[in-house]
Amino acid sequence: MRKSKTLSRIRAGETIRTCVLGHYIPAYVCHAARAGFDCLWLDLEHRAMSIHQIQALLAYAHLYDIDVMLRAPTLEKTGLYRYLEEGATGLLIPHVSTVEKAEMLVDAVKFPPLGDRGIDNAGLDADFHIHDPDHYTQWANRETFLCVQIETPEGVANIESIAAVEGIDMIFVGPGDLGLRLRQSGQMTIDQAWETVAAACKKHGVAFGGPTMTLDEMQKRHAQGAQLLVNSSEFGHFSQGLRDDSQRYNDLT
């Protein structure tokens, strides 16, 4: 059973190097690991993959020793912890705005005494049933993580109680959905929301972060104490790469 690079970074007070993948590109997993990334955010909220594609990507992640933070398309209890059994290092859950939802998620994906996850001990995460069950459950609670997204003004208002829930390992500020709602409500700015989350996470000793695609944004959030800094995606790479390659035709003389 492998150790989480993400959790190792958190415990050492270091920055988690994180990139995004939303398509079935096994080679991307390999190259992300070789480039020095700790964690690959696999987006299944806005992208669809078959279970066999997901299983393959998670196996490649184990092969190349990179964490996968899987953004789950479900809140169904067994559906969530089956992603962990398939080899995901952590789960990223969208739209967590209440303490009750945060507690429900901990109950689903953490083993006792933290939660009520069901034990199988026969998945990729457990090396297919070669470990003592008590050792396995202790490892899972120690080396897998739960990250919840704050994407609504209600979530920001409840961040103190959400961050205080035992078993919540990280808080993720979702600037897309949160920014959309804040622009409509005018309750606060996105920077004020980040500041509120940062203060609550510092108080409760919980890691936090989110998308920080430019160096200026990375520096700003890093200064606030953010450890999860997402600055890379396959979308950005092939979009910019295609533009650059197309421009060469314009530069022909």
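Tutor: Helices (H or I, at least four residues) and strands (E, at least two) are DSSP runs, numbered from the N terminus. The model is predicted: local features need pLDDT of at least 70 and side-chain atom pairs pLDDT 80 or more, while totals for chains, interfaces and linings use all residues. Residues are numbered from 1 along each chain as its sequence is written, and side-chain values use heavy atoms, with hydrogens and water left out.

The part to look at is strand 2, residues 39-43. Five of its five residues are buried (under 20% relative accessible area; exposed is over 50%, partly exposed in between; 1.4 Å probe, protein chains only). Strand 2 is therefore largely enclosed by the rest of the structure. In a regular strand, side chains alternate between the two faces of the sheet. In strand 2, Cys39, Trp41 and Asp43 lie on one side, and Leu40 and Leu42 lie on the other. Both faces are covered, and these residues are all buried.

Strand 2 has strand 1 (residues 16-21) as one partner, with four bridges between them, and the two run parallel. Strands pair if DSSP finds at least two bridges between them. One of the bridge pairs is cysteine 19 with leucine 40 of strand 2. Right-handed means that, with the strands pointing away from the viewer, the path from the first strand over the helix to the second runs clockwise.

Strand 2 also pairs with strand 3 (residues 67-71), again in the parallel sense, over five bridges. Here aspartate 43 stands opposite arginine 71 of strand 3. The chain goes from strand 2 through helix 3 to strand 3, and this β-α-β crossover is right-handed. Helix 3 spans residues 51-64 and contains tyrosine 60. Tyrosine 60 is partly exposed, with a relative accessible area of 32%.

Alanine 223 belongs to helix 11 (residues 215-224). Because its relative accessibility is 70%, alanine 223 counts as exposed.

Next come the charged side chains. Side chains of opposite charge can pair when their charged atoms come close. The structure holds 19 salt bridges (a side-chain nitrogen of Lys or Arg within 4 Å of a carboxyl oxygen of Asp or Glu). One network of salt bridges links Arg2, Lys5, Asp65 and Asp67. Arginine 9 and glutamate 14 also meet in a salt bridge, at 3.0 Å from N to O. Arginine 9 is partly exposed at 25% relative accessibility, and glutamate 14 is partly exposed at 37%.

Another salt bridge joins the side chains of glutamate 160 and lysine 203, with 3.4 Å from N to O. This pair links distant parts of the chain, 43 residues apart: glutamate 160 is in helix 8 (residues 159-163) and lysine 203 is in helix 10 (residues 190-204). Glutamate 160 is partly exposed at 36% relative accessibility, while lysine 203 counts as exposed at 59%.

In helix 9 (residues 175-185), arginine 181 and aspartate 177 are four residues apart, about one turn of the helix. They form a salt bridge whose closest N and O atoms are 2.9 Å apart. Arginine 181 is partly exposed, with a relative accessible area of 28%.

The loops remain. Serine 97 sits in the loop between strand 4 (90-93) and helix 5 (99-109). With 9% relative accessibility, serine 97 counts as buried. Its side chain makes a polar contact of 2.6 Å with that of threonine 152. A polar contact is a pair of N or O atoms within 3.5 Å; within protein, one must be able to donate a hydrogen and the other to accept it, and residues adjacent in sequence count only if both atoms are side-chain atoms.

Histidine 95 lies in the loop between strand 4 and helix 5. Its phi is near 50°, a positive value in a residue other than glycine. Histidine 95 is partly exposed at 25% relative accessibility.

The loop between helix 5 and helix 6 (133-143) holds proline 113. Proline 112 and proline 113 are joined by a cis peptide bond with omega about 10°. Aspartate 127 is found in the loop between helix 5 and helix 6. Aspartate 127 has a positive phi of about 55° although it is not a glycine, and it is partly exposed, with a relative accessible area of 28%.
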